[in-house]
Amino acid sequence: MTTTCIRSRRSRRSCLDRTGLGLLALRAGTGGVLMAHGAQKLLGWFGGGGVSGTAAAMDSMGFTPAKASALAAGVGEVGGGALLALGLATPVGGAAAAGTMVAASAVHAPNGFFAMNGGYEYAAFLGFVAAGLAVTGPGGYSLDRALGHVLDRHWMVPAALVGAGAAALAVVGSRNKRVKEAAPEA
């Protein structure tokens, strides 16, 4: 654990866990962004389409069943983001968010890398941060630590990431097959 200790004039020592504070900031920021993005899908907040609007968009992007896909994306973002922000079940939250971002990256991949061109840059970044937090752990300022890491065991990291990765690849593979079949022959 990295700490910075500061001595006051009275020789009292206070220590801050810099790594824990950094991870808290990273978790809160990334989790908050993911929750807001998912709230667009699930609740129609922040200019989003809600479940029905997201389902229509999912259908047009080749995800079926569309409503289930919209719900899965929204829950992956809101749920994964909330777990990350709280530092609770961090391997599961990070893996859920990362898996959701794999599907989002696949949708944006034909537009190249950069987000300004509609590319996958933003979704990939969120996915890598979420996966990194799943591997690194929540840090000292987290519910996982407060609960004795009962939902943050070492074995949960590979299990969650492999499970989410396999699910994401299956969904993206199925979607890509439908998109290819629906494309007009050149």
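This report covers the fold, the pockets, the core, the side-chain contacts and the backbone of one protein model.

The model is predicted, so local features need pLDDT of at least 70, side-chain atom pairs count only at pLDDT 80 or more, and totals for chains, interfaces and linings use all residues. Residues are numbered from 1 along each chain as its sequence is written, and side-chain values use heavy atoms, with hydrogens and water left out.

## Fold

The protein has seven helices and two strands. Both are DSSP runs, numbered from the N terminus: helices are H or I with at least four residues, strands are E with at least two. The order from the N terminus is β-β-α-α-α-α-α-α-α. Along its principal axes, the C-alpha trace spans about 75 × 35 × 30 Å. Of the 186 residues, 36% are buried. Buried means under 20% relative accessible area, exposed over 50%, and partly exposed in between, with a 1.4 Å probe and protein chains only.

## Pockets

Rolling a probe the size of a water molecule over the atoms shows where empty space is left. The search here uses a 1 Å grid over the protein atoms alone. A pocket is an open set of points with protein on both sides within 12 Å along at least five of seven lines, whereas a cavity is a set where a 1.4 Å probe fits but cannot get out. Lining residues have an atom within 4 Å of a point. Points are joined across faces, edges and corners, and a volume is the space filled by probe spheres set on them.

The largest pocket holds about 740 Å³ of space. It is lined by 35 residues, and Met58, Ala73, Thr100, Ala103 and Ala104 are the closest to its centre. Helix 1 (18–43), helix 2 (50–60), helix 3 (66–86), helix 4 (90–108), helix 5 (121–136) and helix 7 (156–182) each give two or more residues to the lining. Helix 4 gives the most, with nine residues.

The second largest pocket has a volume of about 300 Å³. Among its 18 lining residues, Thr136, Gly137, Pro138, Gly139 and His149 are the closest to the centre. Helix 1 and helix 5 each supply at least two residues of this lining.

Ala, Val, Leu, Ile, Met, Phe, Trp, Tyr, Cys and Pro count as nonpolar, Asp, Glu, Lys and Arg as charged, and the others, Gly among them, as polar.

| Pocket | Volume | Lining by class |
|---|---|---|
| Largest pocket | about 740 Å³ | 21 nonpolar, twelve polar, two charged residues |
| Second largest pocket | about 300 Å³ | six nonpolar, eight polar, four charged residues |

## Nonpolar core

A nonpolar core is a set of buried Ala, Val, Leu, Ile, Met, Phe, Trp, Tyr and Cys residues joined through side-chain atoms within 4.5 Å. The largest one has eleven residues, including Leu23, Leu34, Leu84, Met101 and Leu126. Helix 1, helix 4 and helix 5 each give two or more residues to this core. Helix 5 has the largest share, five residues.

## Side-chain contacts

The structure holds one salt bridge, defined as a side-chain nitrogen of Lys or Arg within 4 Å of a carboxyl oxygen of Asp or Glu. The partners are Glu77 and Lys41, at 3.2 Å from N to O. Glu77 lies in helix 3 and Lys41 in helix 1, 36 residues apart. Glu77 is buried, at 2% relative accessible area. Lys41 is also buried, at 15%.

There are three aromatic pairs. Rings of Phe, Tyr and Trp (its six-membered ring) pair if their centres lie within 6.5 Å; planes under 30 degrees apart are stacked, over 60 edge-to-face, and the rest tilted. Trp45 and Phe46 are edge-to-face because their ring planes stand at 90 degrees, with centres 6.1 Å apart. Phe113 and Phe114 are edge-to-face too, at 5.0 Å and 80 degrees. Phe113 is partly exposed at 38% relative accessibility, and Phe114 is partly exposed at 46%. Phe113, Phe114 and Tyr120 form one aromatic cluster.

## Backbone

Most residues other than glycine have a negative phi, and most peptide bonds are trans. Phe46 has a positive phi near 55 degrees. Phe46 sits in the loop between helix 1 and helix 2 and is exposed, at 59% relative accessibility. Ala89 has a positive phi of about 50 degrees. Ala89 lies in the loop between helix 3 and helix 4 and is buried, at 11%. A cis peptide bond joins Thr64 and Pro65, with omega about -10 degrees. Pro65 is in the loop between helix 2 and helix 3.
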